[in-house]
Amino acid sequence: MNYLTAEGLSKAFTETVLFSGISISLQKNQKMALIAANGSGKTTLLKILAGKESPDSGTVSVRNSITIGYLEQDPWLHPDSAIIDTIFDSSNPVLKALGAYETHIDSGDHSNPELLQQLIDEIDQLGAWDYEAKAREVLSRLGLHDLEQKAGTLSGGQKKRVALARLLIEEPDLLLLDEPTNHLDLEMIEWLENYLCSLNKTVLLISHDRYFIDSVCDTIGELDRNKIHIYKGNYAYYLEKKDERDFREGREIDKAQNLMRTELEWMRRQPKARGTKQKARIDSFYELEEKANSGKVEEKMQITLQMARMGSKILELENICKSYDNKVLLKDFSHTFKRGEKIGIVGKNGSGKSTLLNMIMGLVKPEAGRIKAGESLVFGYYSQEGMRLPDDKRVIEVVKDIAEYVETGNGNWIAVGQFLNHFQFKGSKQYTYVSKLSGGEKRRLYLLTILLKNPNFLILDEPTNDLDIVTLNLLEDFLQNYQGCMLLVTHDRYFMDRLVDHIFVLEGEGKVKDINGNYTAYREELKDALKLKQDAERQEKAVAKIEKTNKKVKLTYAEQKELSKLETEIAELEAKRKTIELLLSDGAADPAAIAEASKQFGITNNLIDEKTMRWLELSEKA
């Protein structure tokens with residue numbers, strides 16, 4: 001069943017064409033990821049499909065009665081609204097009832113039991129308790145606990161999680177998600193991944209998280225050179241088929257370029273007056289020229305920069321302690337860094353990851369312990385808060401303020417413009433003003449300004465946010481060849497897996513666990529530990545059951561009477577249920593009587609279940 005169809009969509013801003021004449025369709029329960037380089041129009045396309053923006057040409061058709069939910073990259077929430085009001089602000093009667101119930105419960109007001117009962121009855125009538133349980137799970141999993149907090153006091157990441165929670169609780173038929181994993185910690189991402197996999201809904205999402213895409217999506221849509229290419233499969237399948245397409249197109253372009261040399265010579269020899277056959281050949285020449293010039297050269301990152309010399313002493317952390325608001329983040333944490341060591345840091349939001357980085361940089365002081373850095377240490381610190389770029393300068397001017405030329409790892413020197421090329425700032429893009437760059441392009445440029453200073457110890461706090469997959473692959477290749485030390489905080493599991501050799505796990509209460517291996521090795525260790533715990537619990541239950549079976553237990557006199565009475569009551573209730581069933585099957589019965597019988601049928605069923613469970617309990621004990 002087709003949920004959404006877009007045909008012939010085109011969109012341009014001034015002279016920049018984002019896409020031209022593209023078509024896309026979404027079927028029921030289909031889950032598609034939209035992939036493209038920054039600035040290719042992914043977010044714009046999503047806004048057009050959500051009805052938030054109009055295309056220059058083309059149409060979008062949505063099947064009747066289909067509801068659409070749209071998660072923006074930077075959602076706006078009314079600053080005076082509490083989280084709970086924002087989440088349950090809906091015309092849906094179920095969500096309105098749940099919102100009123102949650103507000104009453106969270107208020108702690110017990111002075112009006114009649115109101116509470118009225119709210120409970122309303123949810124009973126709507127059959128909405130499943131929604132209530134789901135809402136509680138979503139809010140808990142996304143770390144939203146203080147539901148009375150005003151939106152105006154929330155960080156950008158908290159606002160994103162509130163908007164995501166609202167969408168997941170509403171459960172529209174079609175979800176359009178723009179970077180849903182941004183600002184989620186690793187545990188939240190894995191929960192969301194499993195949640196969307198199990199959800200029988202249609203999803204179109206933009207994400208740079210390759211593990212997330214590979215797990216959730218069954219279709220990939222790639223925006224490339226103003227066109228869209230659809231791949232029916234997950235991310236791994238897409239990579240395989242994209243390589244095949246690139247190879248095929250490369251051969252076609254080479255063939256066109258070779259043929260064009262001959263045709264170009266013919267064009268130069270022709271007189272101005274030409275016949276019909278000549279005009280046809282001329283038209284073919286221009287088509288051939290367009291094909292020959294259509295290729296884009298994919299530059300694989302093969303460059304390393306000469307880093308500052310590193311001495312024998314690098315960095316030592318001795319018994320570091322740090323707390324905030326009576327919450328212990330680090331307690332007696334020690335580590336001596338070795339040459340070339342690359343470490344990932346994981347932990348829940350608020351566990352102290354950024355605090356640890358800031359202490360190493362001297363921006364925050366530890367309460368106890370010492371941090372000793374080697375004399376030759378040159379830090380390169382990428383942090384979200386530290387990104388300050390002059391809007392009135394061009395990209396090339398920003399990097400030339402640092403250096404005109406940079407020394408590569410093999411001792412050669414290259415112009416900074418050539419280095420910019422490697423990180424997708426090509427041609428005219430180098431002369432674009434910083435104010436005109438997208439969020440991802442600004443982050444990419446900020447990262448380059450850090451790398452150009454030749455640090456020998458990189459500290460990267462969420463460097464992958466808003467970077468496209470093309471840039472991530474380039475950055476990964478560069479950092480794999482980087483010879484210095486590195487500390488990395490990221491929610492991109494794929495990125496971490498490719499780069500780190502061991503992991504600091506901030507477990508809470510000041511504890512830090514050092515895991516040898518990458519993020520996948522850490523998750524496997526967690527799974528093994530969980531399996532051992534579950535096996536131990538099952539064994540304990542089995543032993544307890546055997547002990548209970550072997551233990552001779554006699555019923556008290558009161559329990560014997562209760563058991564006998566239960567047998568009679570269950571038989572009477574079953575007879576009553578049969579009578580109700582006959583009435584419900586009577587097509588001529590009065591509607592009011594049918595409604596009352598239906599209500600009694602539910603009550604009777606519940607009583608039978610309740611009394612049967614008690615009868616089984618007493619029988620087993622006897």
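**Entry 1: ground rules.** I first noted that angles under 35 degrees count as roughly parallel, over 145 as roughly antiparallel, 65 to 115 as roughly perpendicular and the rest as oblique. This is a predicted model, in which local features need pLDDT of at least 70 and side-chain atom pairs count only at pLDDT 80 or more, while totals for chains, interfaces and linings use all residues. Residues are numbered from 1 along each chain as its sequence is written, and side-chain values use heavy atoms, with hydrogens and water left out.

**Entry 2: helix 5 and helix 6.** I looked up helix 5 (residues 129-141) and helix 6, whose axes come within 10 Å and cross at roughly 155° (axes are lines fitted to C-alpha atoms over the stretch in contact, and angles run from 0 to 180 degrees between N-to-C directions). Helix 5 and helix 6 are therefore roughly antiparallel to each other. I noted the residues in contact (heavy atoms within 4.5 Å): Tyr131, Lys134, Ala135, Val138 and Leu139 come from helix 5, and Ala165, Leu168 and Ile169 from helix 6. These divide into seven nonpolar, no polar and one charged (Ala, Val, Leu, Ile, Met, Phe, Trp, Tyr, Cys and Pro count as nonpolar, Asp, Glu, Lys and Arg as charged, and the others, Gly among them, as polar).

**Entry 3: helix 6 again.** Which element gives the most to the lining of the second largest pocket? I found that helix 6 does, with six residues (helices are DSSP runs of H or I with at least four residues, strands runs of E with at least two, numbered from the N terminus; a pocket is an open set of points on a 1 Å grid over the protein atoms alone, where a 1.4 Å probe fits, with protein on both sides within 12 Å along at least five of seven lines, and lining residues have an atom within 4 Å of a point). The lining of this second largest pocket divides into six nonpolar, 18 polar and 12 charged residues.
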